[in-house]
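This briefing is intended for reading alongside the sequence and the model. The points are grouped by topic.

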Amino acid sequence: MIASSLKTAAAGAGVACALGVRDLSVNFGGLQAVAGVGFDAAAGRITSVIGPNGAGKSTLFNLISGAIRPTGGRVTLDGADVTGRSPDRLLAAGLSRSFQITNLFFELPVLENLRIAAQVLERPWYALRPVGHSRRALAKADALLERFGLSAKARELAGNLSHGEQRRLEIAVALAAEPRVLLLDEPTQGMSHGDTADTGALIRSLAGELTVLLIEHDIGLVMSLSDHVVVMAQGRKIAEGPPAVVRADPAVQAAYFGHG
Ligand SMILES: Nc1ncnc2c1ncn2[C@@H]1O[C@H](COP(=O)(O)OP(=O)(O)OP(=O)(O)O)[C@@H](O)[C@H]1O
């Protein structure tokens, strides 16, 4: 009953809700870092969370991805309650997260980073096998290298890649688990203008295949990429809607863009 009503309450008219956030809250001592935040991430769409520094975006992601437990509220995946599940269990349920802080095996080749991520999905203990034992994982790793423009770097150590390449590899690693919902935490942070544009195009190409929830500081990129934008300030949601509507909202102008 609750699950079906959540499914029908999706953000886009007629589009199923892949990720539902309901009245989510957490306190750090006296600070309410996330206070009663709720929204739907519609299936196959790109939903972005924006807001000034300290608004609670990363904490919201930590709550959704199981890194910290909420003091109140719920998270649903395709209508099923997954609140408080560990990141591993969420990954198995179809939710994958790419981190703001680079989260790669720097001392391993690029291909091996992807192979491990793909092979873990098959059987956890397969990850301990040498490269080549899972043709399926290798094929998937190859396809991701190609898609992310990293084929020429397959045998390079991940630690030797440029910053932009490492950030792209991170997204590819998160995709190797074949998630239905992908959380991207500032995927273009520290990137050059050209790398940012390329990464934006890659993220856009994911829409339709899966649901993307994005934290991003580059407002131009957010506005051009997103189907739906959620705006936070001081732990609360202050607005949500299509990019043009959110941009024109006086509360957003005042809190986020610094003028009303
Ligand atoms: N583990 C923690 N313990 C105590 N306070 C925390 C903790 N994590 C975050 N905070 C506080 O919670 C508030 C929200 O922080 P958060 O990092 O979620 O914001 P943000 O919107 O992601 O900011 P930024 O854009 O700068 O990354 C801030 O006041 C921050 O100092």
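Helix 2 contributes the most to the shell around the ligand, with 3 residues. Helices (H or I, at least four residues) and strands (E, at least two) are DSSP runs, numbered from the N terminus. The model is predicted: local features need pLDDT of at least 70, side-chain atom pairs count only at pLDDT 80 or more, and totals for chains, interfaces and linings use all residues. Residues are numbered from 1 along each chain as its sequence is written.

**Ligand shell**

- The shell consists of Phe 28, Leu 31, Ala 33, Gly 51, Asn 53, Gly 54, Ala 55, Gly 56, Lys 57, Ser 58 and Thr 59; a residue is near a molecule if its C-beta atom, placed from the backbone, lies within 6 Å of it.
- Two or more residues of the shell come from each of strand 2 (31–42) and helix 2 (57–64).
- By class, the shell holds 4 nonpolar, 6 polar and 1 charged residues. Ala, Val, Leu, Ile, Met, Phe, Trp, Tyr, Cys and Pro count as nonpolar, Asp, Glu, Lys and Arg as charged, and the others, Gly among them, as polar.

**Overall fold**

- The chain contains 10 helices and 10 strands.
- Of the 260 residues in the chain, 43% are buried. A residue is buried if 20 or more other C-beta atoms lie within 10 Å of its own, exposed if 12 or fewer, and partly exposed in between, with C-beta atoms placed from the backbone.
- Among contacts in the chain with a separation of 6 or more, 64% join residues 24 or more positions apart; two residues are in contact if their C-beta atoms, placed from the backbone, lie within 7 Å.

**Helix 7**

- Helix 7 (residues 193–206) has 14 residues and reaches 20 Å from its first C-alpha to its last, close to the 20 Å expected at 1.5 Å a residue. The expected span is 1.5 Å times one less than the number of residues.
- Thr 196, Thr 199, Gly 200 and Ile 203 are buried in helix 7. They lie on the same side of helix 7 because they cover an arc of only 105° around the axis, the arc being that of the directions from the helix axis to the C-beta atoms.
- The exposed residues Gly 194, Ala 201 and Ser 205 are on the face turned away from the buried side of helix 7.
- The cover over the buried residues of helix 7 includes strand 3 (46–50), helix 6, strand 7, strand 8 (211–215) and helix 8 (219–225).
- Gly 208, which follows helix 7, has a positive phi near 95°.

**Two individual positions**

- Leu 114 belongs to helix 4 (residues 110–122) and is buried, because 29 other C-beta atoms lie within 10 Å.
- Beyond its neighbours within four places in sequence, Leu 114 is in contact with Ala 141, Leu 144, Leu 145, Ala 172, Val 173 and Ala 176.
- Arg 180 sits in the loop between helix 6 (163–176) and strand 7 (181–185) and counts as partly exposed, because it has 17 C-beta neighbours inside 10 Å.
- Leaving aside neighbours within four places in sequence, Arg 180 is in contact with Ala 18, Gly 94, Leu 210 and Thr 211.

- Most residues other than glycine have a negative phi.
- Asp 23, which is not a glycine, has a positive phi near 55°. Asp 23 lies in strand 1 (residues 17–28) and is exposed, with 12 other C-beta atoms within 10 Å.
- Glu 186 likewise is not a glycine and has a positive phi of about 50°. Glu 186 is in the loop between strand 7 and helix 7 and is buried, with 20 other C-beta atoms within 10 Å.
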